[in-house]
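Hi everyone, thanks for coming.

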Amino acid sequence: MSAVSPLAGDAASLIIRALLDFRSLWTTHDLVTTTGVPAQTIRRVVNRLEREELIERQAPGVVAVPSWLTLLRRWNEEVRFSRDVRQTYWRSKHGAQPLLDRVATSPVRHAVSGTYAAHVWAPETPAGPTVIYTPDARAAAAVWELVPARGRALILAEPSGDVVYTRSRKTDSGLRLAAPAQVLADLLTGAASADAAEPLTHWMLQHELEWRY
């Protein structure tokens with residue numbers, strides 16, 4: 001049996017998402033404070049990332065990310081939307097926009113990903129499935145008045161952990177969008193067609209100050 005990669009799992013995802021979401025120099029203490037992950041786990045993940053040259057040592061105990069996109073693509077090798085997220089397919093009784101209005105004003109935990117979220121930052125994103133993360137798809141479907149469907153136009157995605165909700169963006173209507181790094185990771189690993197990630201990738205490369213804290 002092969003050993004589990006230290007970059008797999010919810011704890012590693014919380015660490016990597018922090019490294020992606022912030023333009024920062026990091027100490028172990030900073031990562032513990034930001035992620036809530038134990039220091040021992042953080043040191044193990046950071047040591048692996050350093051060996052793979054995905055982070056750089058800036059000073060004793062201080063690291064930084066030289067290329068967020070390279071780190072994100074490496075993360076995609078361990079965590080994939082098409083493999084690691086439970087997906088069910090639905091349609092709205094009232095149409096797409098009324099559904100999103102209902103989602104925004106409901107008490108159900110959610111984070112919208114997929115091409116709908118990407119389009120907010122990169123309007124040239126091609127059309128594709130609307131992906132909504134929520135902890136309990138059937139409970140959410142009842143509140144949002146959805147019915148099961150065979151097509152993949154609307155996907156309710158049940159994640160294995162909470163990282164997909166981390167640092168979500170709230171729109172003026174109250175809709176929660178998954179953070180750009182999460183949306184891009186999802187697009188690159190099965191949440192839409194292969195070319196759907198290109199516009200968001202370009203926008204994130206050109207506007208790093210707008211999405212990295």
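**A walk through the model**

Let me start with Glu208, which is partly exposed, with a relative accessible area of 25%. Here, buried means under 20% relative accessible area, exposed over 50%, and partly exposed in between, using a 1.4 Å probe and protein chains only.

Before going on, a word on what we're looking at: this is a predicted model, where local features need pLDDT of at least 70 and side-chain atom pairs count only at pLDDT 80 or more, while totals for chains, interfaces and linings use all residues. Residues are numbered from 1 along each chain as its sequence is written, and side-chain values use heavy atoms, with hydrogens and water left out.

Okay, back to Glu208. Which residue does Glu208 form a salt bridge with? The partner is Arg23, and the closest N and O atoms are 3.8 Å apart. By salt bridge I mean a side-chain nitrogen of Lys or Arg within 4 Å of a carboxyl oxygen of Asp or Glu. This pair links distant parts of the chain: Glu208 sits in helix H11 (residues 208–211), Arg23 in the loop between helix H1 (10–21) and helix H2 (28–35), and they are 185 residues apart. Helices (H or I, at least four residues) and strands (E, at least two) are DSSP runs, numbered from the N terminus. Arg23 is partly exposed too, with a relative accessible area of 46%.

How many salt bridges does a search of the whole structure find? It finds 13. Let me show you two others.

Take Asp162 and Arg109, whose closest N and O atoms are 3.2 Å apart in their salt bridge. Asp162 lies in the loop between strand S7 (154–158) and strand S8 (169–170), and Arg109 in the loop between helix H6 (96–105) and strand S4 (111–113), so the pair ties together parts that are 53 residues apart in sequence. Asp162 is partly exposed at 48% relative accessible area, and Arg109 is partly exposed at 41%. While we're on salt bridges, there is also a network: bridges that share partners join Arg48, Glu52, Arg74, Glu77 and Glu78.

Now zoom in on one pair from that network. Arg74 and Glu77 form a salt bridge with their closest N and O atoms 3.3 Å apart. They are three residues apart in helix H4 (residues 68–78), so about one helical turn separates them.

Next, the hairpin. Strand S1 (residues 56–59) and strand S2 (residues 62–64) pair in the antiparallel sense over three bridges; for two strands to pair, DSSP has to find at least two bridges between them. Arg57 stands opposite Val63 in S2. Two residues lie between the strands, and Gly61 in the turn has a positive phi of about 80°.

On the subject of phi, most residues other than glycine have a negative value. Here are two with a positive one. Glu53, in the loop between helix H3 (39–51) and S1, has a phi near 60°, and Glu53 is exposed at 67% relative accessible area. Arg167, in the loop between S7 and S8, has a positive phi of about 55°, but Arg167 is buried, at 18%.

Now look at Thr35 in helix H2. Thr35 is buried, with a relative accessible area of 15%. Leaving aside neighbours within four places in sequence, Thr35 is in contact (heavy atoms within 4.5 Å) with Leu14, Ile15, Ala18 and Ile42. A polar atom of the Thr35 side chain lies 2.6 Å from the backbone oxygen of Leu31, and the backbone nitrogen of Val37 lies 3.1 Å from a polar atom of that side chain.

Methods
A polar contact is a pair of N or O atoms within 3.5 Å; within protein, one must be able to donate a hydrogen and the other to accept it, and residues adjacent in sequence count only if both atoms are side-chain atoms.
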